[in-house]
Amino acid sequence: MRRAHEERADALTAEHRERRRRGEKHPVEDFLFTYYPFSPARLRRWHPGWEVAYDAAADPGPGDGTVGDVHDGVRSWYLDRSGDTAPTDSASRTGAPHRGTSMLRRADVDRYLAERAGALGFMARLLRSSSLRERRPNLACFGLHEWAMVYRLPEGAQRHEDLPLRLGREQTDAVVERERLVCSHVDAFRFFTPEAVPRNAMAPTRETQVRRDNPACLHVGMDLYKWAMKLVPLVPSDLVLDCFEHARATRVLDMEASPYDVRPLGYGTVPIETADGKAEYQRRQRELAAGADELRERILAHVEPLAALLPAAR
């Protein structure tokens with residue numbers, strides 16, 4: 001399981017690591033490494049989930065060239081205790097059937113509940129409230145948050161300065177002025193230009209996030225990767241990588257529907273300023289929202305039993 005995870009993570013981050021080595025940037029593919037504070041090395045670390053204990057001897061030791069979270073025989077956010085459920089090293093080498101005492105390692109749930117109770121409670125509430133089971137999706141945003149981030153900016157001042165605006169400056173601004181902005185995601189809204197802020201139908205904040213996050217919002221779906229990483233080691237690594245892959249696929253629509261021209265990078269265009277473009281955006285948005293909801297429910301299956309133990313939940 002560990003090796004399969006590491007190989008999968010290495011494959012998913014190989015191109016980013018190579019670009020970084022060459023000093024290059026990619027506005028679509030590198031987004032998950034610049035917007036979220038998680039390195040390829042951290043993504044590569046294997047975690048079985050809080051329900052599973054494993055042989056501590058299997059963790060990388062000093063001098064093996066692996067950048068990990070094991071120091072002086074202790075793994076961060078894990079607890080060791082002796083057990084009798086794994087073969088001894090000698091038995092593993094010889095194939096002998098006898099078993100011996102090993103040190104079992106599992107996530108330190110008590111410490112997580114004690115030190116990160118507030119964060120765990122918030123994430124559990126946010127994930128549950130933004131599920132399709134709890135909230136009707138809003139499919140009327142059409143990815144206009146990216147347009148609002150460049151509204152009335154001077155030429156070359158946009159975040160992706162190497163990408164041209166597909167419609168040019170004046171027509172891009174005209175789209176923002178013609179359409180209705182209904183962005184409910186606080187971390188997208190905070191990048192709006194000052195001129196775009198009053199055009200939005202609401203002013204989302206961190207305090208209102210639990211009751212505003214839209215199950216169909218692209219950024220809400222991408223954020224599942226963030227929450228899964230923050231919930232490590234409670235959630236298993238295969239789920240984290242599934243969230244990463246979903247976020248990467250979502251970023252493609254995010255940029256294809258943006259005001260930027262990403263065709264030179266090999267992507268298509270979703271012209272949300274047209275009726276056909278809006279229909280295409282909603283079709284893909286529905287598909288992504290369904291995939292995000294499956295991931296959300298998998299995360300909640302791991303953390304809701306623990307969140308129920310918090311004092312505020314009793």
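In which loop does Pro233 lie? Pro233 is found in the loop between α11 and α12, where helices (H or I, at least four residues) and strands (E, at least two) are DSSP runs, numbered from the N terminus. The peptide bond that leads from Val232 to Pro233 is cis, with omega near 10 degrees. Most residues other than glycine have a negative phi, and most peptide bonds are trans.

The structure is a predicted model, in which local features need pLDDT of at least 70 and side-chain atom pairs count only at pLDDT 80 or more, while totals for chains, interfaces and linings use all residues. Residues are numbered from 1 along each chain as its sequence is written, and side-chain values use heavy atoms, with hydrogens and water left out.

The secondary structure of the protein consists of 13 helices and five strands. The C-alpha trace spans about 75 × 50 × 30 Å along its principal axes. Of the 314 residues, 51% count as buried; buried means under 20% relative accessible area, exposed over 50%, and partly exposed in between (1.4 Å probe, protein chains only). The accessible surface of the protein comes to about 15,400 Å², and 51% of this surface belongs to carbon and sulfur atoms. Accessible areas come from the Shrake-Rupley method with a 1.4 Å probe; for residues, only the protein chains shown count as cover. Among contacts (heavy atoms within 4.5 Å) between residues at least 6 apart in sequence, 72% join residues at least 24 apart.

The interior was examined through its nonpolar cores, each being a set of buried Ala, Val, Leu, Ile, Met, Phe, Trp, Tyr and Cys residues joined through side-chain atoms within 4.5 Å. The largest nonpolar core has 40 residues, of which Leu120, Tyr225, Leu231, Val235, Val240, Cys243 and Ile299 touch the most other members. The elements that give two or more residues to this core are α1 (2-22), α2 (31-34), α5 (109-115), α6 (117-129), α11 (218-230), α12 (237-256) and α13 (275-307). Helix α13 supplies the largest share of this core, seven residues. Apart from this core lies another, of 23 residues, among them Leu144, Tyr151, Phe192 and Tyr281. When its neighbours within four places in sequence are left aside, Val235 is in contact with His47, Gly49, Ala228, Val240, Ile299, His302 and Val303.

Rolling a probe the size of a water molecule over the atoms shows where empty space is left. On a 1 Å grid over the protein atoms alone, a cavity is a set of points where a 1.4 Å probe fits but cannot get out, and a pocket is an open set with protein on both sides within 12 Å along at least five of seven lines; lining residues have an atom within 4 Å of a point. Grid points are joined across faces, edges and corners, and a volume is the space filled by probe spheres set on the points.

Four cavities of 30 Å³ or more are present in the structure, and the largest cavity has a volume of about 140 Å³. Its lining comprises 14 residues, with Cys141, His145, Val182, Cys183 and Ser184 nearest its centre. By class, this lining has nine nonpolar, four polar and one charged residues; Ala, Val, Leu, Ile, Met, Phe, Trp, Tyr, Cys and Pro count as nonpolar, Asp, Glu, Lys and Arg as charged, and the others, Gly among them, as polar. The largest pocket holds about 520 Å³ of space. Of the 20 residues that line this pocket, Lys25, His26, Pro27, Thr34 and His160 are the closest to its centre. The elements that give two or more residues to the lining are α1 and α2. The lining of the largest pocket divides into seven nonpolar, four polar and nine charged residues.

Phe142 has a positive phi of about 55 degrees and is found in the loop between α6 and α7 (145-148). Phe142 is buried, because its relative accessible area is 13%. Arg152, in the loop between α7 and α8 (168-178), has a positive phi near 60 degrees. Arg152 is partly exposed, with a relative accessible area of 48%.

Ala58 lies in the loop between β1 (54-55) and β2 (70-71) and is partly exposed, with a relative accessible area of 47%. The C-alpha atoms of Ala58 and Leu104, 46 residues apart along the chain, are separated by 10.0 Å.
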